[in-house]
Amino acid sequence: MSQYIGRFAPSPSGRLHFGSLVAALGSYAVAKINDGKILLRIEDLDFFRCKKEYTRIILKELEEFGFYFDGEPYIQSEHTDVYYKVAKKLVTEGKAFYCNCTRSYLKTNTCQCLQKGLKEDSEDNLALRFIIPKVHQDFFEDEIYGQMSFPVPQESLTLIRRDKVISYNLACVVDDINQGITQVVRGSDLIDITTTQMCLYKALDADYISYLHLPLAMADETYKLSKQNHSPAVLDQGTPSEMLIKALNFLNQDIDGLSSEMSPKTILDKALERFEIKRIPVGKKVIA
Ligand SMILES: [Zn+2]
């Protein structure tokens, strides 16, 4: 069997919040117990939301938690040509097309641009959209949830927006393929786009990979933690050691004997010795 390669892929639109720590810890631990590699990828393509300054802060915060990633961090904004190349290849193969619909037009209308056959240089500010194949797989096996099924909602998927922001789905799939990721471990907020992303794997002639979706950290029953809704920075809520233990507890791991007096590295080492995937809970969970 090939070596396990996992990744943690934060977006530098703010500091790490508790949900990001859970994703970092989950992806890190699962890679380690599989004797695998764990890569760090900075998903900073949305230049309206991401800031270089946060990339620097996130790298420093991850270090404070004692996470050690394999190789140098992969910064997506330094590789935009890679995503453009893939998107254009999909156009050449008839799997994607240019679109000049505005967002407001699409609210009440369906895009008909596939029939228009727009050319890249025929007009400025064209979006690039992927054609969801009529026949596609709409289920997958999740290591925590078991078999999951999500119908792919649209007929097409934006790869590059009119404002030139490269879409999360395109960049994430291209990088997961190019970096040889064998399993994606991420928050359950992304579980429903898995089948959409699988359509891209197929279109790019890549093998499907495996998935493990972690429970979603909720501030209360209705409120998901995220940078968009201004969740507090996790290192404003406690020391790295305290928050690591809290995150381990959130993943329902054995925290017996772990103390916030210990260094994060010691806590991580001890926790990894007894980390069990089968203890990870399903769905949403309010932070204790
Ligand atoms: Zn269109």
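I started at Glu-53, which lies in helix H2, residues 52-64. Helices here are DSSP runs of H or I with at least four residues, strands are runs of E with at least two, and both are numbered from the N terminus. Glu-53 is partly exposed, at a relative accessible area of 45%. For this label I used the following cut-offs: buried is under 20% relative accessible area, exposed is over 50%, and partly exposed is in between, with a 1.4 Å probe and protein chains only. I then looked up Gly-14, which is 39 residues from Glu-53 in sequence and 9.0 Å away in space, C-alpha to C-alpha.

Note on the source: this is a predicted model, in which local features need pLDDT of at least 70 and side-chain atom pairs count only at pLDDT 80 or more, while totals for chains, interfaces and linings use all residues. Residues are numbered from 1 along each chain as its sequence is written, and side-chain values use heavy atoms, with hydrogens and water left out.

Whole chain. I noted nine helices and twelve strands. The radius of gyration is 20 Å, close to the 19 Å from the globule rule for 288 residues, so the chain is as compact as a globular protein of that length. The radius is taken over C-alpha atoms, and the rule is 2.2 Å times the number of residues to the power 0.38. The C-alpha trace spans about 65 × 40 × 40 Å along its principal axes. Of the 288 residues, 50% are buried. I looked up the accessible surface as well: about 14400 Å², with 51% belonging to carbon and sulfur atoms. The areas come from the Shrake-Rupley method with a 1.4 Å probe; for residues, only the protein chains shown count as cover. Among contacts with a separation of 6 or more, 76% are between residues 24 or more positions apart. Contact means heavy atoms within 4.5 Å.

Parallel sheet. I traced an open sheet of three strands in the order S1-S2-S3, with parallel pairing. Strands S1 (5-8) and S3 (74-75) are at the edges with a single partner strand each, so one side of each has no neighbour in the sheet. Two strands pair if DSSP finds at least two bridges between them. S1 and S2 (residues 37-42) are joined by four bridges, and Arg-7 has Leu-39 as its bridge partner in S2. Helix H6, residues 168-178, lies across S1, S2 and S3 and runs at about 150° to S2. Axes are lines fitted to C-alpha atoms, for helices over the stretch in contact, and angles run from 0 to 180 degrees between N-to-C directions.

Antiparallel sheet. I found a second open sheet of three strands, in the order S4-S5-S8 and antiparallel. S4 and S8 (156-160) are its edge strands, each pairing on one side only. Its neighbouring strands are turned by 35° against each other on average, direction ignored. Four bridges join S4 to S5, residues 127-131. Phe-97 stands opposite Arg-129 in S5, and Cys-99 stands opposite Ala-127. I checked both faces of S4, residues 96-99: Ala-96 and Tyr-98 on one side and Phe-97 and Cys-99 on the other are all buried. Helix H3, residues 80-92, lies across S4, S5 and S8 at about 100° to S4.

Helix pair. The axes of H1 (residues 18-33) and H8 (residues 240-250) come within 10 Å and cross at roughly 70°. That makes H1 roughly perpendicular to H8. Angles under 35 degrees count as roughly parallel, over 145 as roughly antiparallel, 65 to 115 as roughly perpendicular, and the rest as oblique. I listed the contact residues: Phe-18, Leu-21, Val-22 and Leu-25 of H1, with Met-243, Leu-244, Lys-246, Ala-247, Leu-248 and Phe-250 of H8.
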